[in-house]
Structure formats: C-alpha cells, structure tokens
Amino acid sequence: MGDSLLLKNCSIYAPDHLKGINDLLVVNGKISRIGKQITPSGNINVINCKKRIIAPGFIDVHTHGAGGGDII
C-alpha cells in the first residue's frame, strides 16, 4: 500500500462531528478511510492513539511582510 499509517482508537475532530472512537487510515499522505475497527493489511505502520483527539493541523501560510517586503 505504499506509505500507509493506521491510527487506531482515536477521537476524530471533524466538521460532521464523528462520535465515539474510530480508526483513521492514511495512504500516501491522504486520508483513505475512517471507520470502526479497520483491520491493517500488509506492511502498515499502526499507532494506538489511546482515545486521544485527532485534529487537522491549521497552518497559516500568510507571508505579508516576509523577507523585508511589504504589500499594500
């Protein structure tokens, strides 16, 4: 499956407010599946999240004024 990661037993923060504990499968850097009791197949890295919250990483790419420049 290429570069795959299975996050088991996590509480997922999402706009549709998934309730309960779910698994999240990431394949090649993209979320492939969210569901209950996803079974790993092949050579997949598995992390037990122990009911911790999984949330998106909000990154601010705003570069106004970076490098000595200014935008008006």
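This is a chat about the predicted model of one protein chain.

Student: What secondary structure does the chain have?

Tutor: The model is a predicted one. The chain has five strands and zero helices. Along the sequence, the pattern reads β-β-β-β-β.

Student: What is the mean pLDDT of the chain?

Tutor: The mean pLDDT is 84, and 81% of the residues reach 70 or more.

Student: And which strands have the lowest and the highest mean pLDDT?

Tutor: Among the elements of the chain, strand β5, residues 53-54, has the lowest mean, at 90. Strand β4, residues 45-48, has the highest, at 96.

Student: What about low values in general, how should one read those coordinates?

Tutor: Where pLDDT is low, the predicted coordinates should not be read in detail.

Student: New topic. Which residues make up the largest nonpolar core?

Tutor: Seven residues do: Leu7, Cys10, Ile12, Ala14, Leu24, Val26 and Cys49. Strands β1 (4-12) and β2 (22-27) each supply at least two residues of this core. The strand that gives the most is β1, with three residues.

Student: What else is there, apart from that core?

Tutor: Another core lies apart from it and has five residues, including Leu25, Val27, Ile38 and Ile44.

Student: How much of the chain is buried?

Tutor: Of the 72 residues in the chain, 24% are buried. The chain exposes about 5700 Å², and carbon and sulfur atoms supply 55% of that area.

Student: Back to the cysteines. How many disulfides are there?

Tutor: The count is zero.

Student: What does cysteine 49 touch?

Tutor: Leaving out residues up to four places away in sequence, cysteine 49 touches Leu7, Lys8, Asn9, Cys10 and Ile54.

Student: Now the backbone. What is the phi of asparagine 28?

Tutor: Phi of asparagine 28 is positive, about 50°, although the residue is not a glycine. Asparagine 28 lies in the loop between β2 and β3 (30-35), and it is exposed, with a relative accessible area of 53%.

Student: And what about the phi of lysine 50?

Tutor: Lysine 50 is not a glycine, and its phi is positive, near 50°. Its place is in the loop between β4 and β5. Lysine 50 counts as exposed because its relative accessible area is 59%.

Student: Where is isoleucine 31, and is it buried or exposed?

Tutor: Isoleucine 31 is in strand β3. Its relative accessibility is 58%, so it counts as exposed.

Student: What does isoleucine 31 touch?

Tutor: Not counting residues up to four places away in sequence, isoleucine 31 touches Leu24, Leu25 and Val26.

Student: How far is isoleucine 31 from leucine 6?

Tutor: The two are 25 residues apart in sequence, and 9.8 Å apart in space from C-alpha to C-alpha.

Student: Last one. Of contacts between residues at least 6 apart in sequence, how many join residues at least 24 apart?

Tutor: In this chain, 47% of those contacts do.

Technical notes:
Residues are numbered from 1 along each chain as its sequence is written. This is a predicted model: local features need pLDDT of at least 70, side-chain atom pairs count only at pLDDT 80 or more; totals for chains, interfaces and linings use all residues. Side-chain values use heavy atoms; hydrogens and water are left out. A nonpolar core is a set of buried Ala, Val, Leu, Ile, Met, Phe, Trp, Tyr and Cys residues joined through side-chain atoms within 4.5 Å. Buried means under 20% relative accessible area, exposed over 50%, partly exposed in between (1.4 Å probe, protein chains only). Helices (H or I, at least four residues) and strands (E, at least two) are DSSP runs, numbered from the N terminus. Contact means heavy atoms within 4.5 Å. A disulfide is a pair of cysteine sulfur atoms within 2.5 Å. pLDDT is the predictor's confidence in each residue, from 0 to 100. Accessible areas come from the Shrake-Rupley method with a 1.4 Å probe; for residues, only the protein chains shown count as cover.
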